[in-house]
Each structure stands twice: as C-alpha cells, then as structure tokens.
Amino acid sequence: MSRIAGSERDVAWWSARRQLVPVLTTLAAALLDSLPIVTQTPLVPDFAFLVLIAWRLLRPELWQAYAALPLGFFADLVAGHPLGQSMAIWTITFLAFDLIDLRVGWRDYWTDWLFASLAIAFHSAAAWYIGWIGGSRTDFMILMPQLVLSLFSFPLVARIVLGLDRWRLAR
Amino acid sequence: MAPPSTRRPGFSRRAQYGLFLGYVVAVAGVLFALMLLTLSVIDPRGFGALKGAALDATSPVSSAGRGIVNFFGGIGSTVGNYFNAGAQNDDLKRQLAATRRKIVEARATELENQRLKAMLKLSETVGDEVTVTRVVGSSFDSSRRLATLSVGSGAGVAPGQPVRSPEGLIGRVIETGRWASRVLLVSDGASSVPVRLVRDGTPAIAQGLGDGSIDLKTLEVGKNPFRRGDILVTSGVGGVYPPNVPVAVVVRVERERTTARPLADPATVDFAMVLRPFQPVADQPLSQATSEALQGAAQ
C-alpha cells in the first residue's frame, strides 16, 4: 500500500480506523461477557477493563476522562452489573490515571504494569464492595484467583493493544 | 519515554477551557453513575426494561455458541475419564452398592408415604412449570454468580420464579428480557434458600458463598447436625421455592462451618425448568372477606 493517500476514500478510511479502533476493541472485549461460558467460580479476567486501561496507558492523549462513561454504560448492560458500576469505576480510574500522569514524568513497561495492577485491584475491590452492598455476602478471597490472573494477563492484553495501535496508525 | 504533555494544551484559552470542561463532565458523570448505582442497589428491578433489552441483544451469541462449548468441554472430560478409569470404577462400584441399599430404604419409605398421604388425603401440586429451557451463559468475571437462560417474558418467565433442573435447584429469575432472562444461582452470595436435611428434617438456610459452594446455617445453636454426604432439599418455607427440590450435598464439615456443593451444576445441566413461585398468594393483599373478618375481630 502506498504511504501517500491516493484518494479521498483512503483518507476517510484511515481516519475512521484511527478513531474507531480503540472504541470498537473495548466494546468487543465487553461483548466477551456474552460468550456461552458457564462457570461456578470467578476466574476469567474482565477483559473489557484490561483493554480499556491498556489503551489509556499506551495513548494518554486518546481519551478524555469522560470517555469512560459511555463505554462503562455499555459494559454494565452487557455484563448484567448493577447499572452505573463500570461507569463509576472506569471514570474514577481514568481520573486517577490523569493525576498519575501529572505527577510522574517518566514511564516504562514496569511502571505501566504497576499502575495497571493498582487499577485492576481497585476495580476488583470496588466491584466486590458494590456486590456486598447489593446483598451478596461473599468473601473477598474468592476473587484472588481472578485478580492474580488479571494481573498476569495485562501484559498480554497490552501487547495485543500495541499491535492494534500499530495497525491503526499504519499507512 | 516521557509521555507527551497533553494536560497542558499551551496558551490557547479555548483548549484550556475545553480540558477543564472535560474534567467537569467526567466528575459529574461519576456522580451520575453513583446515583444510578444507588438506584440499582435500592431497586434491582428498576432498569428492568433497559437491561432486558441488552440481554435480548446479546442472547443469540450465547445461545448459538453453547453447543460448541459443550462439545469442547465434553472432550476435556472424556480425556479425564480415560485417565481416571481405574479409580472411577472403584468409586462407581462403591456408589452402586450404597445406592442399592438406599433404594430398598426408599421403597419402604415410599410405601409408608403413600399410606400416610392417603390417610391425610393430601394432594401434591406437581407439574407447575412455566417452561423448559437451557442455561446459555453466566457472569464469569465478577463476584456475582448469575446465569443466562434462553427464554424470557415471551414464554411467561417473570422475576421471582424458581429455576430447577432434573438434578436439583439452580436458582431464581431476577431479570427478564423478551427472549432471555438472568438467573441468580443458589451459589451467589445474595441467594439464601430455606432447606431441610433429608435424613432427619433439620431446617437450615443455604447461603451462597460466590465460589460455587454453599454455606449451611442451622436455625438452632448447638451441635452441628450435618455429616459429609448429607443431601439437602428445599423446605418450601418462605414460599418461593417449591418443597422437596434437591439443592446441595454436604462436602465439608468443620466445627461450626458446613460447606455444601450444589447438586445442579449450571455448567453441565442440559435443561432448566422455570417453575411458578410456590405460594404467590402469600404476597397478595388480603381478600375482602378476610379483611372484613379481621376488622370484625378487632371491634
């Protein structure tokens, strides 16, 4: 493919791809929840959240903090969480990431993983607490396998998002 | 690499205001989301129509893929069976012997039961099912234990109806769409089912633990009445679950803590029956005659 746009259509396609890929991949990850997997224990990571923070950490300029609201709304509807759960948790995470960006000048792979780990821990704890308020009296320890699995699958998700980002910006 | 400084958009007033406005919207959005969340927690059925529509929209994916997942899950367990054949054979022989003994006992009990029922002229209300369906999905990434059924209000399913499989109780319906509905499993932390011990009728509450097991609480203090392998059935108290549906088998007994495993594993059950609530009459307002009689008694 030529690096110079040959037509208006090429330009339109590239710009659409550049803008829509992050949103569409996050929505697709949220839709993983409707896969026909029936389990008795929480084990599988919340891929929508992982993809979301992977995009946010890779491209801080991509989304303003309020972009998490509609994405969280979609995730709540698909996953059957109480409405507002992902909306609140995701937006608070984005605001926290903005604060971190203000304070921390240098970032690398390990700091990104650290911030992602903190975000994942916050996400699990907040979701568990909302469940507790909603009458689900469960032990937090049952979420540990899922939490550990999420922490270790973040680099993998980040790698996939990086590949998507390269494809998104390629000409 | 130092990140590009996106938080200081330069000297443009317009860009600065835009950024500030973004934060105002985000914080307002968080507050709005928390408000929605409060509403959802106070009234879990509040956004029923919206969530039902979302359920409907995603149900084709769940329903269509279920067969494939069953196929692959089947391969896994078949391979496992091959490796465990010897141990399984021993186990099965032991179980068979135990079952034979039980059958003899059960026949005797059945006869006695028939005799007593005839004496009391009791008639059991069975076959009160709304519809038969399949479990097609579940919440596998949160601390809640919810499953999705492939029928909804179109087939007469309504929130509050109990769901069972031939093996035992699955849970109860909490949300319905037109073609799909969501079930609170008995292993969810918010589910508590009144049960009784089959062996001697001791009443208990089966409270889900969220990790696929159930905690049993007796209603009286003292010695723990449960033994490993005990079967629990619903008692019918509370009027949601019909009596005598198998619920769980006790797997571990510690001093005060009894853990049981649900008999119906939603991952492997083939069919789920949606039943009518056992005594819906209990929720309804008093009839004219009853309230008049009560007033008369008060005067």
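Predicted model: local features only at pLDDT ≥ 70, side-chain atom pairs only at ≥ 80, totals over all residues.

Biologist: How far does α5(A) reach from its first C-alpha to its last?

Modeller: Let's count residues to begin with: α5(A) has 25 of them. At 1.5 Å a residue, the expected reach is 36 Å. The model comes close to that, with a reach of 36 Å.

Biologist: What covers the buried residues of α5(A)?

Modeller: The buried residues of α5(A) include F115(A), H123(A) and W128(A). Chain A contributes α2, α4 and α6 to what covers them. Chain B takes part too, and its helix in this cover is α1 (13-42).

Biologist: How far apart are the end C-alpha atoms of α4(A)?

Modeller: α4(A) has 19 residues, so at 1.5 Å a residue it should span 27 Å. The model agrees with this, as the end C-alpha atoms are apart by 27 Å.

Biologist: Which helix of chain B do the buried residues of α4(A) pack against?

Modeller: Among the buried residues of α4(A) are W90(A), F94(A) and D101(A). Within chain A, the buried residues of α4(A) pack against α2, α3 and α5. From chain B, the helix they pack against is α1.

Biologist: Which helix gives the largest share of the side of chain A that touches chain B?

Modeller: The contact takes 56 residues from chain A and 52 residues from chain B. On the chain A side, α3 (68-79), α4 (85-103) and α5 (109-133) each supply at least two residues. By class, that side has 31 nonpolar, 17 polar and eight charged residues. Its largest share, 10 residues, comes from α4(A).

Biologist: How much of residues 87-106 of chain A is helix?

Modeller: UniProt, in an unreviewed entry, lists 87-106 among the places in chain A with the feature "transmembrane region". In the model, the end C-alpha atoms of this span lie 29 Å apart.

Biologist: Is I160(A) buried, exposed or partly exposed?

Modeller: I160(A) sits in helix α6 of chain A. A buried residue needs 20 or more other C-beta atoms within 10 Å, and an exposed one has 12 or fewer. I160(A) has 15 within 10 Å, so it is partly exposed.

Terms used. Residues numbered from 1 in each chain as written. Chains lettered and ligands numbered in written order. Contact = placed C-beta atoms within 7 Å. Helix = DSSP H or I, 4+ residues; strand = E, 2+ residues; numbered from the N terminus. Nonpolar A, V, L, I, M, F, W, Y, C, P; charged D, E, K, R; others polar. Expected span 1.5 Å × (residues − 1). UniProt positions renumbered as here; feature names shortened; annotations may be inferred.
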